[in-house]
Amino acid sequence: MVQSYKKRPEIRKVYDAILIGSGIGCLCAGALLAKEGKKVLILERHYTAGGFTHVFKRRGYEWDVGIHYIGEVGRPNSAIRRLFDYITDGKLKWADMGEVYDRIYIGDKAYDLVKGVDNFKERMYGYFPGEKAAIDAYVDRVFASSRTAGKYYVAKALPSLVGGLMGGSMQKAHLRHATRTTYEVLRELTDNEDLIKVLTGQYGDYGLPPRQSSFAMHASVAKHYFNGGNFPIGGSARILETIDPVIEAAGGTIITNAEVAEVVIKNNRVQGVRLADGEFFPADIVISGTGVFNTYEKLLPKKMAQKHGLFKNLSKVRPSVAHACLYVGLTGEPPELQLPKTNFWIYPDDLDHDGCVERYLNDHNAPFPVVYVSFPSAKDPTWTERYPGRSTIDIITLLPYDTVAQWEGSRWMKRGGEYEELKEKIAQRLLEHLFVHLPHLRDRIDHYELSTALTTKHFCNYKTGELYGLDHTPDRYTQKFLKPRTPIKGFWLTGQDIVTAGVGGALFAGMLTTSALLGKNLMKKIYAEPVPSA
């Protein structure tokens, strides 16, 4: 029997819309539909809701599995802040991370990315005094890409006929940025490989190194953090906790342990969904936020997917990178342990980013191409009152799926001795990176556990444990099928495959899908609302 993540949910016989998956794309779409008076049912296959916004607790600690920092929400009138405020009735609050949001380590050299565009440029001038013109040009290119993104994404929401007539012209300007690699664009501006390596030091936020990634993806991340980073006050669990009442107030429900086995379709029109236990929920509108591979390969009848050429579309894209995350619990509170709010990005200094990745893919014992360290307990001002005497750290690196593929099909937490040995080896390597920069923490580790691509696949149902949905290559941006509307009437898509990677991208995908579905400019409506008081 399905369950709500709350006890005794009210489950209706009929809903206006059913959403598959409880990631931020579906949560956003569900809340927006609720604001329009729609009763929505959100179905989550796992025992916990929230997708990559959920938290887990173990041994008296709490870890945020996907929220490490969010940009732009510190500006009350930014689009992302207005959207978050709207779908949470202003209840979700944010803590500023301070002046330095990211620190890029290249070998033993450190480079701080600082809050504010002018401050960012001044700091870069100091690191690279002969590259002022290149740094200025880089920032200009980032903003140029950002200015053209709006029409590109609006075109995805247009009805098919209108989109066919106008979509190409609306997307043309952004595609000039999107169809070039990050390295191509930066190499035009400078031949200083150290500067390029620093400017692309956040590539882990979207998973592809500079010679492979679309510049539009890189630019969206860089601009997203120009005004600093923020963290949800109370931890990322507050995202679900503040969105759920909005959905519930309109008669909606979020249910966990509710795996959808099939989207039921008749005469090319959606009828509802059937769960793995056979229970059927009818609805004229069904939205999938589970990613295009899951949606087309697992949820739709095979004949229907073949009829519309959906499998052929999937051959044009590929899953993004998989990762390992080490969740660390420490004795002592963040101030006592001198934990920073700043994220660390740690790289080898002997090769460029692409070279480091290639070397590691060829030999998993080679140096990690990237190690990302986040200090969530230091970022949340409520942490110490919630977890006195404790702190947490997340350490993330690239871990290809083939590293753990031999244990596919084994049970979570019961994968055997060899798997545990592999995890322990990786965990110790990651801890040593932490101790290089914060050696005083060596004796304060109380608990740690490593998640791999198999864990991601288990909890988020991604095909190869990918973190960011689809790879953000230049080719991805030319795929016209990556949009909310599908060839099946009443069946829609949302989530990071429809816009871009990360919480911000998936959040806006929820808005884009709902706008297309309702035929309304919801961002215009949101901006017409008064700004919530701080």
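A salt bridge is a side-chain nitrogen of Lys or Arg within 4 Å of a carboxyl oxygen of Asp or Glu. In this predicted model, a search of the whole structure finds 26 salt bridges.

Begin by selecting aspartate 89 and lysine 35, which form a salt bridge whose closest N and O atoms are 2.5 Å apart. Aspartate 89 sits in the loop between α2 (79-87) and β7 (94-96), while lysine 35 belongs to helix α1 (residues 24-35), so this pair ties together parts that are 54 residues apart in sequence. Aspartate 89 is partly exposed at 43% relative accessibility, and lysine 35 is partly exposed at 30%.

Next, select lysine 423 and glutamate 420, whose side chains meet in a salt bridge at 3.9 Å, N to O. Both residues lie in helix α17 (residues 417-437), three residues apart, which is about one turn of the helix. Here lysine 423 is buried, with a relative accessible area of 14%, whereas glutamate 420 is partly exposed at 37%.

Now move to threonine 190, in the loop between α6 (182-189) and α7 (193-199). Is this residue buried or exposed? Threonine 190 is buried, because its relative accessible area is 8% and buried means under 20%. A polar atom of its side chain lies 2.9 Å from the backbone nitrogen of asparagine 192, and among the residues that threonine 190 touches are Glu131 and Leu195.

Finally, select Leu161, Val162, Leu165 and Met166, which make a nonpolar surface patch of about 420 Å². Leucine 165, in helix α5 (residues 160-178), counts as exposed at 69% relative accessibility.

Methods. Residues are numbered from 1 along each chain as its sequence is written. This is a predicted model: local features need pLDDT of at least 70, side-chain atom pairs count only at pLDDT 80 or more; totals for chains, interfaces and linings use all residues. Side-chain values use heavy atoms; hydrogens and water are left out. Helices (H or I, at least four residues) and strands (E, at least two) are DSSP runs, numbered from the N terminus. Buried means under 20% relative accessible area, exposed over 50%, partly exposed in between (1.4 Å probe, protein chains only). A polar contact is a pair of N or O atoms within 3.5 Å; within protein, one must be able to donate a hydrogen and the other to accept it, and residues adjacent in sequence count only if both atoms are side-chain atoms. Contact means heavy atoms within 4.5 Å. Patches are made of residues with over 30% relative accessible area and no salt bridge: like charges are joined within 9 Å, nonpolar side chains (Val, Leu, Ile, Met, Phe, Trp, Tyr) within 5 Å. Accessible areas come from the Shrake-Rupley method with a 1.4 Å probe; for residues, only the protein chains shown count as cover. Lists of a residue's contacts leave out its neighbours within four places in sequence.
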